[in-house]
Amino acid sequence: MPGEPFGPVIVGVDTSPMSLAAVDLAADEAMVRVAPLVIVHAVEGSGDTATRAAHRLVAVAVARARAEHPGLAVAGEVAGDDPVSALVARGCGAALLVLGARDRRTGLGAADIPTRITALLSAPLIVHRPLTHPQSVVLPRPVLLGVSGTAGSDSTVEFAFAEAVLRGAPLVALHVWTAPADAAPERELDDRAAHEGAQHILLSALERWTEKYPEVEVRIAARHSLDVPVALTAASSISQLAVIGRGHRTGPVFDVLTRRAHCPVAVVPHAAA
């Protein structure tokens, strides 16, 4: 649970534009968890010039975090390894790992590092994406929870509830079903049954946690869409954090959200069955 960490908050930094924004987010997350922050930059190969640049980068990030959060314990590290291996290794036992998102136009390589990391990581991962500011947004923005209803997803639901508590925000739980729907009269009963089934999935997933976190205002939403990432991306436009679970079907969803969501995106490993 985010309020009771077993390790530090780790943030990976590089030279990308979103890197320092990720440091700010990670520092906020560390403060509310009363956890130390560790800033990591991975540099492959050797060479004095690259090493000096890496240490300067980490020093800037550490100074920024300490200046904005004077009471926070902050450490920096330069790891001589590829980014995926370095961050996965340091993420073991961490409360949370935070990364910056890449521009949509960035090709494979650096851009798919979050997807590669989350497939190996045992801790929750948040990828920073900037908030958009639609005119219709109501404050405080909710935490958005994508509910799949699959086995082992309790850890995802609890993470979302705990984040809502830490942020003083409501929780919007969204389940998207993808069965075909159309306007033909013979489809009406099937569509109604699908909607009721989606609501049942939501209520079943949330029941335990609404009792444990009675202070969280919960709203449920059942939507039909043939494209789950599109539905979640749309819902993220008024949210402050989108939370999904990591299962065998969620890789493509996470990949799209880290490139297109309108807020930071968290992916939480499913608990072992």
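D190 lies in helix 6 (residues 188-212), where helices are DSSP runs of H or I of at least four residues and strands are E runs of at least two, both numbered from the N terminus. With a relative accessible area of 43%, D190 is partly exposed, a class that falls between buried (under 20% relative accessible area) and exposed (over 50%), as computed with a 1.4 Å probe on protein chains only. Eleven residues separate D190 from A179 along the chain, and their C-alpha atoms are 9.6 Å apart.

This is a predicted model, in which local features need pLDDT of at least 70 and side-chain atom pairs count only at pLDDT 80 or more, while totals for chains, interfaces and linings use all residues. Residues are numbered from 1 along each chain as its sequence is written, and side-chain values use heavy atoms, with hydrogens and water left out.

The protein chain holds eight helices and ten strands, and 47% of its 273 residues are buried. Contact here means heavy atoms within 4.5 Å; among contacts between residues at least 6 apart in sequence, 79% join residues at least 24 apart.

**Nonpolar cores**

A nonpolar core is a set of buried Ala, Val, Leu, Ile, Met, Phe, Trp, Tyr and Cys residues joined through side-chain atoms within 4.5 Å. The largest such core has 47 residues, of which L37, I39, V98, L145 and V243 touch the most other members. When neighbours within four places in sequence are left aside, L145 is in contact with T156, V157, A160, L171, V172, A173, L174, L206 and V243. Another core, of 35 residues, lies apart from the largest one and has V84, I117, L257 and V265 among its members. In soluble globular proteins, nonpolar side chains tend to be buried together.

**Helix 5**

The 14 residues of helix 5 (residues 154-167) should span 20 Å at 1.5 Å a residue, and the end C-alpha atoms are 20 Å apart, which agrees; the expected span is 1.5 Å times one less than the number of residues. The buried residues of helix 5 are T156, V157, E158, F159, A160, F161, A162, E163 and A164. Just after helix 5, G168 adopts a positive phi of about 60 degrees.

**Helices 7 and 8**

The axes of helix 7 (residues 228-235) and helix 8 (residues 251-260) come within 9 Å and cross at roughly 35 degrees, the axes being lines fitted to C-alpha atoms over the stretch in contact and the angles running from 0 to 180 degrees between N-to-C directions. The crossing of helix 7 with helix 8 is right-handed, a term used when the near helix is turned clockwise from the far one by less than a right angle. On the helix 7 side V228, P229, L232 and T233 take part, and they meet V253, V256, L257 and R260 of helix 8. The residues of this contact divide into six nonpolar, one polar and one charged, where Ala, Val, Leu, Ile, Met, Phe, Trp, Tyr, Cys and Pro count as nonpolar, Asp, Glu, Lys and Arg as charged, and the others, Gly among them, as polar.

Within helix 7, P229, A231, L232 and T233 are buried, and the buried residues of this helix pack against strand 6, strand 7 (171-177), strand 9 and helix 8. In helix 8 the buried residues include V253, F254, L257, T258 and R259, and their cover includes helix 4 (113-118), strand 5 (125-128), helix 7, strand 9 (241-246) and strand 10 (265-269).

**Individual residues**

| Residue | Relative accessibility | Class |
|---|---|---|
| T118 | 7% | buried |
| V34 | 74% | exposed |
| A79 | 2% | buried |

T118 is found in helix 4 and, not counting residues up to four places away in sequence, touches L125, R246, F254 and V267. A79 is placed in strand 3 (residues 74-79), and its C-alpha atom is separated by 4.6 Å from that of A42, 37 residues away along the chain. Leaving aside neighbours within four places in sequence, A79 is in contact with V40, H41, A42, V43, A86 and R90.

Two loops carry backbone features. V34, in the loop between helix 1 (19-33) and strand 2 (37-42), has a positive phi of about 55 degrees although it is not a glycine. P140, in the loop between strand 5 and strand 6 (143-146), is joined to L139 by a cis peptide bond with omega of about -5 degrees.
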